[in-house]
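Got a model open and wondering how to read it?

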2 protein chains.
Amino acid sequence: MNLDEGKEKFIQSWGTLGTSWGINRTMAQIHALLLVTPQALSAEQIRCSLKISMGNANMNIRALLDWGLVHKQLKAGDRKEYFIAEKDMWEVVKSVIVHRKKKELEPMLKVLDEISSVESECEASDEFCNIVRDIKLFSNKADSALDKLVKADSNWFVGTFLNIIK
Amino acid sequence: MNLDEGKEKFIQSWGTLGTSWGINRTMAQIHALLLVTPQALSAEQIRCSLKISMGNANMNIRALLDWGLVHKQLKAGDRKEYFIAEKDMWEVVKSVIVHRKKKELEPMLKVLDEISSVESECEASDEFCNIVRDIKLFSNKADSALDKLVKADSNWFVGTFLNIIK
DNA sequence: AGTTACTTTCAATAGATATTGAAAGTTCTG
DNA sequence: CAGAACTTTCAATATCTATTGAAAGTAACT
């Protein structure tokens with residue numbers, strides 16, 4: 001396999017993977033392209049490589065910056081902005097965890113709190129409250145575990161943590 | 001808040017959460033309904049509760065059985081099938097991990113293997129191979145960590161694991 | 001201040017995915 | 001084995017999300 005085929009294949013797969021991870025296809029493909037490109041690329045270069053519109057490229061580059069998966073780089077004497085990917089996989093996973101935790105787990109915790117105030121007025125409502133309490137307990141544990149995880153540094157995670165549970 | 005409002009709210013939120021987890025809305029809502037229902041329900045009861053079509057209900061019940069998130073229950077002298085949810089949250093998360101690992105991580109590992117055969121013929125291809133090797137290393141670690149996790153039992157996970165990283 | 005180079009926004013449109021409903025299939029029962 | 005009770009399938013359709021392209025915005029240089 002040659003280099004271009006390899007890059008192409010990686011970009012397509014990363015795009016597919018992304019869609020299952022709450023990251024849209026283009027966003028994941030841009031990230032993939034930048035991941036396998038040692039130097040920084042301009043929006044124009046990204047647009048051409050992936051054959052997407054300027055608007056699409058721009059919006060998803062902003063989203064990637066927002067998630068901290070891509071960093072901006074300015075070159076002296078050049079008005080264009082250049083972009084380079086975060087290449088430490090643990091940092092990438094952490095960003096995803098932080099964003100999804102905020103978007104998914106936290107609203108769920110809020111709802112669980114609200115619905116645990118269901119009045120106890122019959123057997124059915126007591127059973128409901130018990131089930132909700134279990135789910136809440138589990139979710140809270142997961143929540144604080146994730147908090148701890150994202151505070152961990154890359155070396156500890158890859159070197160120690162992954163080995164402990166192995 | 002009364003019981004019905006609480007159930008309704010839970011079902012809607014679980015449905016929303018599900019869509020971010022590779023589980024479609026209806027599938028997640030059926031799961032939610034069964035989660036907060038102590039006894040088993042028939043397809044007809046599910047259909048009525050959620051106001052969805054028979055076809056939709058059927059397909060998603062099958063999917064839930066397939067994922068192991070819902071179990072079938074037969075009642076003596078009744079031709080209908082009844083369904084009851086897996087209520088242990090760790091079992092639920094494990095099912096999701098198993099399915100998503102198969103659908104997402106494993107195909108990615110395969111692609112990473114394929115593309116690490118890119119010929120070393122210039123600096124760029126060497127850099128590409130290095131980046132791919134890093135990602136592969138990380139992914140393999142994640143893969144085997146997840147394997148270990150799903151083999152763990154609920155008590156160990158909730159009682160020990162979540163406390164270790166706390 | 002005007003021109004050029006580049007970036008952002010957003011309504012229209014395309015594309016992907018979920019849902020319905022009706023028809024076909026299955027299994028039980030008298 | 002005919003009919004009833006229930007389940008499954010699938011093409012048509014609806015819904016939800018991503019993408020485009022054109023117009024507006026912004027900043028640098030002359």
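Q: Let's start with DNA strand C. Which residues come nearest?

A: Keep in mind that this is a predicted model. There are 18 residues around DNA strand C, and A:Gly55, B:Asn24, B:Thr26, B:Gly55 and B:Asn56 come nearest. As for elements giving two or more residues to that surface, look at α4 (54-67) of chain A, plus α2 (25-35) and α4 (54-67) of chain B.

Q: Which element gives the most to the surface near DNA strand C?

A: That's α4(A), with 5 residues. Sorted by class, the surface near DNA strand C comes out at 5 nonpolar, 7 polar and 6 charged residues.

Q: And which residues come nearest to DNA strand D?

A: Here A:Asn24, A:Thr26, A:Gly55, A:Asn56 and B:Gly55 come nearest, out of 18 residues around DNA strand D. The elements with two or more residues on this surface are α2 (25-35) and α4 of chain A, along with α4 of chain B. The largest share belongs to α4(B), with 5 residues. By class, the surface near DNA strand D splits into 5 nonpolar, 7 polar and 6 charged residues.

Q: Now helix packing. At what angle do α2(B) and α4(B) pack?

A: In general, two packed helices are described by the angle between their axes and the distance between the axes. For α2(B) and α4(B), the angle is about 75° and the axes are 9 Å apart. The two helices α2(B) and α4(B) are therefore roughly perpendicular to each other. From α2(B), the contact uses B:Thr26, B:Met27, B:Ile30 and B:His31, while α4(B) brings B:Asn56, B:Asn60, B:Ile61, B:Ala63 and B:Leu64. This contact of α2(B) with α4(B) has 5 nonpolar, 4 polar and no charged residues.

Q: What about chain A: how do α2(A) and α4(A) cross?

A: Their axes cross at roughly 75° and come within 9 Å. So α2(A) and α4(A) are roughly perpendicular to each other. The residues in contact are A:Thr26, A:Met27, A:Ile30 and A:His31 on α2(A), and A:Asn56, A:Asn60, A:Ile61, A:Ala63 and A:Leu64 on α4(A). Again by class, the contact of α2(A) with α4(A) has 5 nonpolar, 4 polar and no charged residues.

Q: On to the sheet. What order do the strands of chain B have?

A: In chain B, an open sheet of 3 strands has the order β1-β3-β2, with antiparallel pairing. β1 (41-42) and β2 (70-74) of chain B stand at the edges with a single partner strand each, so one side of each is left without a neighbour in the sheet. The helix α2(B) packs on the sheet and touches β1, β2 and β3 of chain B, its direction making about 85° with that of β3(B).

Q: How many bridges join β1(B) to β3 of chain B?

A: There are 2 bridges between β1(B) and strand β3 (residues 81-85) of chain B, and they run antiparallel. B:Leu41 has B:Phe83 as its bridge partner in β3(B). On the other pairing, β2(B) and β3(B) are antiparallel over 5 bridges, and B:His71 stands opposite B:Ile84 in β3(B).

Q: Which residue takes a positive phi in the hairpin of β2(B) and β3(B)?

A: B:Gly77, near 70°, in a hairpin with 6 residues between the strands. In the hairpin of β2(A) and β3(A), also with 6 residues between the strands, A:Gly77 has a positive phi near 75°.

Terms used: Residues numbered from 1 in each chain as written. Chains lettered and ligands numbered in written order. Predicted model: local features only at pLDDT ≥ 70, side-chain atom pairs only at ≥ 80, totals over all residues. Near = placed C-beta within 6 Å. Helix = DSSP H or I, 4+ residues; strand = E, 2+ residues; numbered from the N terminus. Nonpolar A, V, L, I, M, F, W, Y, C, P; charged D, E, K, R; others polar. Pairing = 2+ DSSP bridges. Contact = placed C-beta atoms within 7 Å. Axes fitted to C-alpha atoms, helices over the stretch in contact; angles between N-to-C directions. Parallel < 35°, antiparallel > 145°, perpendicular 65-115°, else oblique.
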